[in-house]
Amino acid sequence: MHFYEGSGAVIFAIDDLGNLSEHKLGLNPDGGESPQITIPANQWFGAVVDKPNSFFLAGCTVSPGFHFDDFEMGDRKKLIELFPKHKTLIEKLTN
């Protein structure tokens, strides 16, 4: 994932064992931000903008290739069943 414009963002990722990691995406290295991060395969991820009433523009590059057949949007109910300890965050990041 790479940062293009706007305020920084926090990217949350949950691996298949339920481990949660946070990454700061942006252009402020003194604030712990990085202009690009790598999220390994088979992790669920979502983002929140650092500053209220702002925006961020980011892009994702996938490797070795992307096929819509392999893509799955997160489903709130399913994710909460898989990762109940992250229920509050999942509710914040999903509809």
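Visitor: How many salt bridges does the count come to here?
Guide: The count comes to two salt bridges. Keep in mind that this is a predicted model.

Visitor: OK, which residue does Lys-78 pair with?
Guide: Lys-78 pairs with Glu-72, and their closest N and O atoms are 2.8 Å apart.

Visitor: And how exposed are those two, Lys-78 and Glu-72?
Guide: Lys-78 is partly exposed, at 35% relative accessibility. Glu-72 is partly exposed as well, at 43%.

Visitor: What about the salt bridge of Glu-91?
Guide: Glu-91 meets Lys-87 there, with an N to O distance of 3.9 Å.

Visitor: Where do Glu-91 and Lys-87 sit relative to each other?
Guide: They're both in helix 2, four residues apart, so about one helical turn separates them. Helix 2 covers 87-93.

Visitor: Are Glu-91 and Lys-87 buried, exposed or partly exposed?
Guide: Glu-91 is partly exposed, with 34% relative accessibility. Lys-87 also counts as partly exposed, with a relative accessible area of 41%.

Visitor: Switching to pockets. How much space lies in the largest pocket?
Guide: About 1300 Å³.

Visitor: How many residues line the largest pocket, and which lie nearest its centre?
Guide: There are 38 lining residues, and the ones nearest the centre are Gln-43, Trp-44, Phe-45, Phe-71 and Glu-72.

Visitor: How does the lining split by class?
Guide: It has 23 nonpolar residues, eleven polar ones and four charged ones.

Visitor: Where is Phe-68, then?
Guide: Phe-68 is in the loop between strand 5 (56-59) and helix 1 (76-82).

Visitor: Is Phe-68 buried or exposed?
Guide: Exposed: Phe-68 has 65% relative accessibility, and the cut-off for that class is over 50%.

Visitor: Backbone next. What's the phi of Asn-42?
Guide: Asn-42 has a positive phi of about 65°, and it isn't a glycine.

Visitor: Where does Asn-42 lie, and is Asn-42 buried or exposed?
Guide: Asn-42 lies in the loop between strand 3 (20-25) and strand 4. Its relative accessible area is 68%, so Asn-42 counts as exposed.

Visitor: And what's the phi of Asn-53?
Guide: Near 60°, again a positive value in a residue other than glycine. Asn-53 is in the loop between strand 4 and strand 5, and at 85% relative accessibility this residue is exposed.

Visitor: What separates Leu-82 from Leu-17?
Guide: Along the chain they're 65 residues apart, while their C-alpha atoms are separated by 9.2 Å. Leu-82 lies in helix 1 too, and is partly exposed at 48%.

Visitor: How far is Gly-59 from His-86?
Guide: Gly-59 and His-86 are 25 Å apart, C-alpha to C-alpha, and 27 residues apart in sequence. Gly-59 is in strand 5.

Visitor: Is Gly-59 buried or exposed?
Guide: Buried, because its relative accessibility is 12% and buried means under 20%.

Visitor: Last one: where's Pro-35, and how far is Pro-35 from Glu-22?
Guide: Pro-35 is in the loop between strand 3 and strand 4. Pro-35 and Glu-22 are 13 residues apart in sequence, and 14 Å lies between their C-alpha atoms. With a relative accessible area of 43%, Pro-35 counts as partly exposed.

Technical notes
Residues numbered from 1 in each chain as written. Predicted model: local features only at pLDDT ≥ 70, side-chain atom pairs only at ≥ 80, totals over all residues. Heavy atoms only, no water. 1 Å grid on protein atoms, 1.4 Å probe; cavity = no way out; pocket = protein on both sides within 12 Å on 5 of 7 lines; lining within 4 Å. Points joined across faces, edges and corners; volume = space filled by probe spheres on them. Helix = DSSP H or I, 4+ residues; strand = E, 2+ residues; numbered from the N terminus. Nonpolar A, V, L, I, M, F, W, Y, C, P; charged D, E, K, R; others polar. Buried < 20%, exposed > 50% of the residue type's maximum accessible area, 1.4 Å probe, protein only. Salt bridge = Lys/Arg side-chain N within 4 Å of Asp/Glu carboxyl O.
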